[in-house]
Each structure stands twice: as structure tokens, then as C-alpha cells.
Amino acid sequence: MLRDKYCAEVKEDEIGKELRLSGWVFRRRDHGGLIFIDLRDRTGIVQIVFNPEFSIETHEKAHNLRSEYVIAVKGILRRRPEGTENPELMTGNVELWAQELEILSSSKVLPFQLAEAEETSELLRLKYRYLDLRKAEMQRNFFIRHRLTMTVRNFLDSKGFIEIETPMLTKSTPEGARDFLVPSRLNPGTFYALPQSPQLFKQILMMSGFDKYFQIVRCFRDEDLRADRQPEFTQIDMEMSFVEIKDIIEITEEMLAGNFKNILGVEVLRPFKQLTYDDAMNRYGSDKPDLRFGLEIHDVSQIVQHASFKVFLDTLERGGVVKAIRGQGLATLSRSEIDKLTEKVQSFGAKGLAWIKVKNGFESPIVKFFPEQILKELAEKIGAQQGDMLLFIADKKSITNEVMGRLRLEIAEMSRIKREGFAFAWILDFPLFEWNEDERRFVSMHHPFTSPEDKQIEQLLNVSDEAFKDPQSTLKDIKAKAYDIVLNGYELGGGSIRIHRADVQDRIFRVLGIPEEEVKRRFGFFVEALQYGAPPHGGIALGLDRLVMIMTGADSLRDVIAFPKTQKAFCPLSEAPTNVDLKQLRELHIKIDV
């Protein structure tokens with residue numbers, strides 16, 4: 001070994017001992033007669049002293065050291081002189097006086113300084129990812145990720161789960177996001193798909209008798225990217241037989257609460273808050289609400305119907321709603337600032353934004369349409385105080401909820417509302433189907449393998465075929481045995497109790513308008529498996545990358561994935577995707593027509 005221990009493992013009880021350490025030169029300081037370097041490895045930093053009186057040859061070599069040179073150094077550990085200690089370092093009371101120095105490799109001048117990497121463009125950081133990953137904060141992120149995966153594995157193993165790998169090269173069964181396709185050389189003209197999730201295989205494992213499965217699994221989706229989304233991502237995937245929703249909630253909460261305590265030292269309150277889907281949408285305008293702050297949305301339709309503001313009255317007459325939210329402390333906004341907020345709200349999909357300031361009374365171009373008593377009732381309903389502003393959106397319910405949910409986050413930012421800690425919640429009672437206006441048909445709210453509520457199964461089986469094309473049919477009232485878990489405004493994961501009856505699965509495919517031949521082509525192997533004795537089962541998939549992002553306080557998934565892609569799904573480090581030569585294409589029977 002070229003070292004006796006890691007840099008930050010050096011202890012005061014080793015003072016006087018000879019040690020050999022290795023790592024990267026983080027900083028070099030030449031103080032005339034003495035040269036100091038901060039030697040860094042993955043654990044931290046220790047100070048090395050080159051003194052010509054201690055070793056003139058080693059001191060001479062140290063003049064050649066530059067940032068990010070890789071070195072091995074042997075010397076005697078000493079206590080730092082009084083007054084020179086560094087309490088910010090784990091090794092701040094000691095230093096190694098160098099006797100021998102070996103330069104293992106040199107470094108070019110860095111394209112950016114590691115100590116100032118936050119000022120570096122993300123594209124440059126990703127191009128030189130191997131340098132970016134040397135930063136202490138980045139390494140901390142990956143230590144947390146490592147500890148999380150280890151504790152998850154140990155926890156699930158202790159609960160009787162078995163880790164089983166499912167195929168990476170599988171069948172294209174698109175239902176939502178686009179698949180990444182892989183051409184088959186041995187079967188010309190055919191393609192594998194990289195899995196969006198192990199959904200069908202983990203259900204088949206339940207049918208195979210492996211009643212508790214898990215996998216920390218790589219998944220792929222060819223979709224547009226955001227800060228919290230990547231084309232390849234990792235899931236904590238779980239599936240269990242003979243369970244109900246409460247069983248999955250219980251084990252998921254126990255696992256997550258244990259991880260937060262063991263890794264971050266944070267006590268997470270249990271049980272987690274539970275909201276129905278309708279409640280979440282009506283109160284927060286989102287099925288993944290950030291519950292670290294209140295700022296709830298209020299339906300004021302019943303109040304404003306007694307006013308004479310035509311915009312609101314017309315909306316109500318068309319069957320829409322009027323909702324309002326408290327703009328905490330926003331009565332100081334100028335008209336130009338309100339106009340900018342209105343433009344932003346319109347970009348969210350609203351037709352406009354109505355507002356009333358609470359400022360020694362009520363101020364707004366629209367107050368003349370509202371009797372004083374109605375204004376007071378609105379302020380009381382919303383909880384507005386002096387210095388606040390009432391903000392209104394009027395439209396059909398789905399649009400109003402969506403816009404209000406985004407406006408709620410905007411107000412929290414503008415009002416500098418603190419968002420601290422970790423706020424978990426379960427979202428329950430999702431609709432089984434949602435109506436797709438463009439395709440004029442029902443689609444699955446989650447996926448087509450989600451079970452309806454037990455008491456509504458007969459209703460589903462007996463609904464007429466004509467109802468499949470009617471957005472007002474009773475299909476819209478059927479609830480799913482589905483659940484999402486959210487954390488700080490992010491969907492952390494989701495799951496459901498699955499369909500284990502072949503007749504119910506067949507009816508779901510019919511409602512979704514998937515022809516029998518297409519069902520056979522896409523899901524034939526799975527449908528057949530259902531006919532050989534399938535136990536009731538359910539599971540959940542948690543986004544590992546997203547969980548680590550929240551636990552570390554990172555701003556983006558790219559800070560917790562070792563080699564991420566940009567928003568155009570491009571890797572600046574390896575420059576993937578790239579062209580391939582014609583020989584490879586011919587072997588795959590592919591011709592590029594550009």
C-alpha cells in the first residue's frame with residue numbers, strides 16, 4: 001500500500017509516529033522557508049509541512065508541487081503549534097512533517113478551481129466530471145447515496161425480501177413515456193426495449209411464489225428532462241404478495257424513517273400525513289404538494305357568486321370555479337410587479353389574474369364589484385391580514401387547480417416563506433382512469449395493472465362498452481388502489497395493489513381501447529401468466545436519485561448521479577450519443593436516412 005491510512009483518519013494519539021499518506025494536492029502555500037500543502041483524499045484534508053531543516057531533499061521536491069498533483073508522502077506526525085490549529089478540519093490539531101515525497105502523477109492547469117466550482121458553469125463541470133467529483137460536497141453526496149443503498153438492502157433483507165434482477169433487454173410495451181430501443185443483430189428487424197420499470201416481471205415474480213421481492217434497479221425513459229428527471233435513473237423497487245395498502249405504507253415508512261435517522265440523524269414523524277387525491281388538488285393544486293408550509297388554496301365560488309364581477313359570474317355559469325390564495329405580504333407590490341406576476345400566471349395556463357390588496361381597507365380596480373361584507377368574508381376565508389393580497393383564478397376546475405398549485409409555489413418564493421425540514425405525505429384515492437380529451441378516450445391514471453377498489457370491481461365489469469367513450473360515464477368515479485408518496489413537493493415514489501384477476505385485467509384493456517390482438521402482442525406473456533394462479537399483490541417504486549437529492553439538499557439530480565446527462569440527454573464527458581460506423585449498422589440491418 002502507498003499509504004497507512006486515509007488523510008482524515010490521522011489522530012492525535014499518533015503524534016510522534018511515522019506515517020505514509022497519499023492523495024491530491026489541494027492547496028500549496030510557500031511561506032519562505034516552509035512549504036505547506038493540504039493533502040486531500042475522499043475522507044478529508046491533512047496538512048503536510050516541508051521543512052528544509054527536517055529534510056532538505058524533500059523540501060526541494062516540494063517546490064515542484066502544484067494543485068491536483070497526486071503524491072505519496074512519508075513523515076512524522078506532530079502537533080500543530082499553539083494558535084495555528086484549524087477547528088474546521090478533523091485533523092486540524094496535527095500536521096505531518098515530510099521526510100520523503102514521491103510525485104505519483106502531475107496535473108495540467110485545471111479548467112476550474114475545485115474550491116470555487118459553484119461559480120463554474122454546469123456544462124464545464126460535466127465535461128470535466130472527474131474533477132467535479134473530487135469536490136468534498138460531491139463526494140459527500142455519493143457517500144450518502146452509498147449508505148442509503150446499503151441500509152435499504154439490509155433493511156429489506158431483515159424483512160424477508162429477496163433481491164432478484166430483472167432483464168435490461170426486454171419487450172417494448174409503451175404506456176406513457178417513450179422507450180429506448182435496442183436493435184437485435186441475431187433477430188434482424190426486431191428490437192429490444194430498455195425497461196421503463198420492472199413492472200411486469202416483478203408481478204410475474206409474485207406469481208412465481210417469491211412473495212417479497214426487491215431490486216435497486218436501473219430504468220430508462222426517453223422523455224424531456226428537468227432538474228429532477230434523467231433518461232436513466234435508479235429505483236428502489238419492491239413487490240409483495242398477500243398485502244393491503246396499509247402493509248406497503250407501513251414498511252415504506254419504517255424504511256424511510258430509519259434511513260433519515262441513521263444517515264442524517266433526523267427524526268421523521270410517523271405516521272406520515274395522508275391526503276386523498278381530491279383533497280391534495282383542491283387544497284394545494286398539486287398531487288405532490290410541498291407541505292413544509294401552509295398557504296392553502298380556497299374555493300370562494302359560493303362567496304363571489306353574490307358579487308357583480310362579470311368575469312367570475314361567467315366562469316361560474318359555465319360550470320367553472322373561482323379559487324383564491326393569500327399573497328402573504330404582497331400588498332407592497334407595484335402595478336408593474338403585479339403585471340409581471342399576471343404574465344407568469346398566464347404562462348401557467350390561466351386567462352388572467354385578479355387581485356385585491358388588504359391595505360387600510362381593500363384596494364383593486366375590481367373592488368367596486370364587491371360589497372364591503374363580501375370583501376371581508378373573502379379576507380376571512382383566506383386568512384388575509386393587513387399587508388397581504390388576495391389572488392384569484394377563475395376557470396374550469398382542472399385548470400384552476402393546476403395554475404393555483406404553481407402560483408402557490410411562486411408566492412412562497414416571493415414572500416420568502418421558510419421551507420425547512422422534511423414533510424412526507426401519502427396521496428391516496430386516485431381515480432383509476434382519467435379522460436384524454438385529445439384522444440377522446442379514458443387512459444390509466446397510473447398504469448393499466450392497477451386494481452380498482454374492491455367494492456367497485458363489479459361496477460367496472462358491468463359497465464357498457466358505450467361508456468368507454470363517454471367522459472361523463474361512471475368510469476370517472478372508479479377509484480384506484482394506488483398511492484403516491486411525496487416529499488417536499490416532489491413525487492418520491494408510487495405504487496398500487498395490482499390486478500390479479502384475468503377478467504379484471506381484460507376489462508381494463510378494453511376500457512383503454514387496446515384491441516385484443518394488440519394486448520396479445522404487447523402483454524401476451526403476462527396475461528397468460530395471470531391464468532395460472534396469481535396471488536393478490538402490490539408494491540411501490542421509490543426514486544433513489546430523487547431521494548438522495550432531497551436528503552443532500554442538492555439542487556439537481558445531476559449532483560447525485562455520477563455521470564448524468566444534460567437536458568438534451570447528452571453526456572459532455574463521453575460525448576454520447578455518437579455516430580457509429582457503417583459496419584456496425586450493417587450488422588444490425590439498419591440504414592440511416594438523414
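Which residues in helix 7 meet which residues in helix 12? Select Met 281, Asn 282 and Tyr 284 in helix 7; they meet Lys 397, Asn 401, Gly 405 and Arg 408 in helix 12. Contact here means heavy atoms within 4.5 Å.

Before going on, note that this is a predicted model, where local features need pLDDT of at least 70, side-chain atom pairs count only at pLDDT 80 or more, and totals for chains, interfaces and linings use all residues. Residues are numbered from 1 along each chain as its sequence is written, and side-chain values use heavy atoms, with hydrogens and water left out.

**Helix 7 and helix 12**

Show residues 277-284 and residues 397-414 as cartoon. The two helices pack at an angle of about 60 degrees, and their axes are 8 Å apart. Axes are lines fitted to C-alpha atoms over the stretch in contact; angles run from 0 to 180 degrees between N-to-C directions. Helices (H or I, at least four residues) and strands (E, at least two) are DSSP runs, numbered from the N terminus.

**Salt bridges**

Next, turn to charged side chains. The whole structure holds 46 salt bridges. Each is a side-chain nitrogen of Lys or Arg within 4 Å of a carboxyl oxygen of Asp or Glu.

Select Arg 145 and Asp 545. Their closest N and O atoms are 2.8 Å apart. Arg 145 sits in helix 4 (residues 136-158) and Asp 545 in helix 16 (residues 544-552), so this pair ties together parts 400 residues apart in sequence. Both Arg 145 and Asp 545 are buried. Buried means under 20% relative accessible area, exposed over 50%, and partly exposed in between (1.4 Å probe, protein chains only).

Move to Lys 202 and Asp 237. This salt bridge has its closest N and O atoms 3.0 Å apart. Lys 202 and Asp 237 are buried.

Stay on strand 10 and pick Glu 232. Its partner is Arg 218, with 3.6 Å between the closest N and O atoms. Arg 218 lies in strand 9 (residues 212-220), so the pair ties together parts 14 residues apart in sequence. Glu 232 is partly exposed, at 22% relative accessibility. Arg 218 is partly exposed too, at 29%.

Now select Arg 125, Arg 129, Asp 132, Lys 135, Glu 137 and Asp 559. Salt bridges link these residues in a network.

**Zoom out**

Show the whole chain. It has 17 helices and 22 strands. Of its 594 residues, 48% count as buried.
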